[in-house]
Amino acid sequence: MAKLKTAYFCQNCGTQYSQWMGQCKNCGQWNTLVEEVVEKTASKSLPSSRTKQHVINIIEVEAIEEPRIKTPSEELNRVMGGGIVLGSVTLIGGEPGIGKSTLLLQLALKMKKKVFYVSGEESASQIKMRADRLAEIQNPNCFLFTETSLEKILHEAKKLEPDFMIIDSIQTLQSQLIESSPGTVSQIRECSNEIIKYAKENNTPVFLVGHITKDGQIAGPKVLEHMVDVVLNFDGDRNHLFRLLRANKNRFGSTSEIGIYEMISQGLKEIKNPSEILITKKFEELSGNSVAVTLEGNRPMLLEIQALVSTAVYGTPQRSSTGFDAKRLNMLLAVLEKRAGFQLGAKDVFLNITGGIKTDDPALDLAVIASILSSNEDIAISEHFCFAGEIGLSGEIRPVAQVEQRISEAEKLGYEKIFVSNLNKIPKRKFGIKIEEVSKIEDFHERVF
């Protein structure tokens with residue numbers, strides 16, 4: 001009998017140790033090392049390559065465009081770079097209950113191809129109940145298989161020969177070659193290797209659902225994200241309706257695109273124009289409201305910023321923000337007080353980005369300042385104004401990236417005036433919206449109020 005070799009793996013980051021330790025030196029977590037069996041098979045000679053490889057100049061290489069499968073979801077096509085590449089392996093992660101399984105089941109039901117849907121978490125009847133609730137067109141070529149054994153899944157896949165394969169989730173699979181429980185580092189690594197090998201050999205695109213840890217990272221070894229071709233992150237606030245699909249890694253396209261969905265009772269609905277939904281139609285003008293023109297990747301969006309400034313009842317003023325970086329809010333308040341002379345040190349400031357959207361675009365600074373000043377002076381900002389500018393520590397208004405796209409989006413939605421930095425290189429072509437160029441907070445305050 002072959003001698004079994006064991007090693008200790010951190011269940012948080014996947015670092016391997018030869019002996020047990022209380023704390024992982026890589027990630028700093030305590031009591032995460034678990035002993036797992038590492039089986040060593042007899043070394044085999046590498047098969048000779050059928051085609052003789054040789055060194056080639058990069059100029060002589062012919063660029064071949066990868067064939068893609070267009071999905072019924074335009075938002076998914078946008079994030080994937082135009083569609084799903086044949087033989088690619090895509091890993092999608094997100095919080096529990098955010099809608100990962102719903103998104104992929106909708107895709108399986110809408111695809112006009114043979115789909116192999118493997119679930120290690122739900123029974124076939126549960127998946128059928130969800131499919132009926134989605135009220136989608138039923139795909140007659142969608143086949144379900146509720147199994148966690150990797151060998152059985154690959155055996156059925158080779159018999160079925162699907163055009164598209166979905167596995168929900170990679171943490172539930174177990175290979176007979178590894179003597180450890182499902183979800184461990186060794187199991188995830190082995191199962192992922194075999195699935196990627198199957199996808200490449202059969203030219204079949206595969207979607208893997210991945211669980212995440214409490215830190216928001218995909219559970220299992222980090223090498224899993226390196227092995228796959230595309231890593232998607234599906235996030236959003238479960239208390240709100242909107243979900244954002246982002247590509248953290250994409251070997252076949254850009255990682256700057258995002259897809260936006262709305263969670264409704266019939267599943268996930270694509271949002272073609274998010275700005276029209278995120279901006280509320282106010283019946284009366286209220287102070288503290290402003291509209292920011294932001295960019296999520298290469299996609300311009302308009303967000304509504306709400307601020308409330310009031311006298312501090314207690315000794316220490318409160319600073320609270322939702323969807324906006326609290327440290328950046330404190331910095332902007334310090335700039336307003338130091339550089340522009342507004343007395344906000346003894347006042348409570350509450351800031352909110354409507355719709356549950358979280359963004360770190362510095363171009364929101366100008367709209368945040370406008371909302372705070374509007375609430376502080378109790379003067380409403382015209383609902384036809386919008387803002388795009390970054391605030392520096394000296395009180396200057398700095399230019400933002402891709403200002404032309406931002407202006408075009410504001411013009412398309414019917415806004416009459418947009419405030420930007422006078423340092424932005426705005427093209428000479430005529431816009432239908434009036435462009436106000438400002439340089440300092442004092443200048444900005446005079447023009448708005």
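**Salt bridges and domains**

Tutor: Let us begin with Arg-328, which in this predicted model has a relative accessibility of 23% and therefore counts as partly exposed.

Student: And what does the side chain of Arg-328 meet in a salt bridge?
Tutor: The side chain of Arg-328 meets that of Asp-365, with 2.6 Å from N to O. The two residues belong to distant parts of the chain, since Arg-328 lies in helix H8 (residues 326-338) and Asp-365 lies in helix H9 (residues 365-377), 37 residues apart.

Student: Is Asp-365 buried or exposed?
Tutor: Asp-365 is buried, because its relative accessibility is 0%, whereas Arg-328 is partly exposed.

Student: How many salt bridges are there in the whole structure?
Tutor: A search of the whole structure finds 20. One of them joins the side chains of Lys-159 and Glu-156, at 3.7 Å from N to O.

Student: Where do Lys-159 and Glu-156 sit, and how many residues apart are they?
Tutor: Both are in helix H4 (residues 150-160), and because they are three residues apart there, about one helical turn separates them. Lys-159 is exposed, with a relative accessible area of 56%, while Glu-156 is partly exposed at 27%.

Student: What about Glu-436, which residue does its side chain meet in a salt bridge?
Tutor: The partner is Lys-417, again in a salt bridge, with 3.7 Å from N to O. This pair also links distant parts of the chain, with Glu-436 in strand S23 (residues 434-438) and Lys-417 in strand S22 (residues 417-421), 19 residues apart. Glu-436 counts as buried at 11% relative accessibility, and Lys-417 is buried as well, at 16%.

Student: Which residues are linked with them in a network?
Tutor: The network of salt bridges links Lys-417 and Glu-436 with Lys-434, Asp-443 and Arg-447.

Student: Changing topic, what are the domains?
Tutor: The protein is divided into domain 1 (5-38), domain 2 (66-272) and domain 3 (276-448). The centres of domain 1 and domain 2, taken over C-alpha atoms, are 28 Å apart.

Student: How many residues are in contact between domain 1 and domain 2?
Tutor: Nine residues of domain 1 are in contact with 14 residues of domain 2. The area buried between these two domains is about 760 Å², and carbon and sulfur atoms give 46% of that area.

Student: And how many salt bridges are there between domain 1 and domain 2?
Tutor: The count is zero. On the side of domain 1 that touches domain 2, the residues divide into four nonpolar, four polar and one charged.

Definitions and conventions
Residues are numbered from 1 along each chain as its sequence is written. This is a predicted model: local features need pLDDT of at least 70, side-chain atom pairs count only at pLDDT 80 or more; totals for chains, interfaces and linings use all residues. Side-chain values use heavy atoms; hydrogens and water are left out. Domain bounds come from an automatic or database domain assignment. Contact means heavy atoms within 4.5 Å. Buried area is the accessible area (1.4 Å probe) that two parts lose on being put together, summed over both. A salt bridge is a side-chain nitrogen of Lys or Arg within 4 Å of a carboxyl oxygen of Asp or Glu. Ala, Val, Leu, Ile, Met, Phe, Trp, Tyr, Cys and Pro count as nonpolar, Asp, Glu, Lys and Arg as charged, and the others, Gly among them, as polar. Helices (H or I, at least four residues) and strands (E, at least two) are DSSP runs, numbered from the N terminus. Buried means under 20% relative accessible area, exposed over 50%, partly exposed in between (1.4 Å probe, protein chains only).
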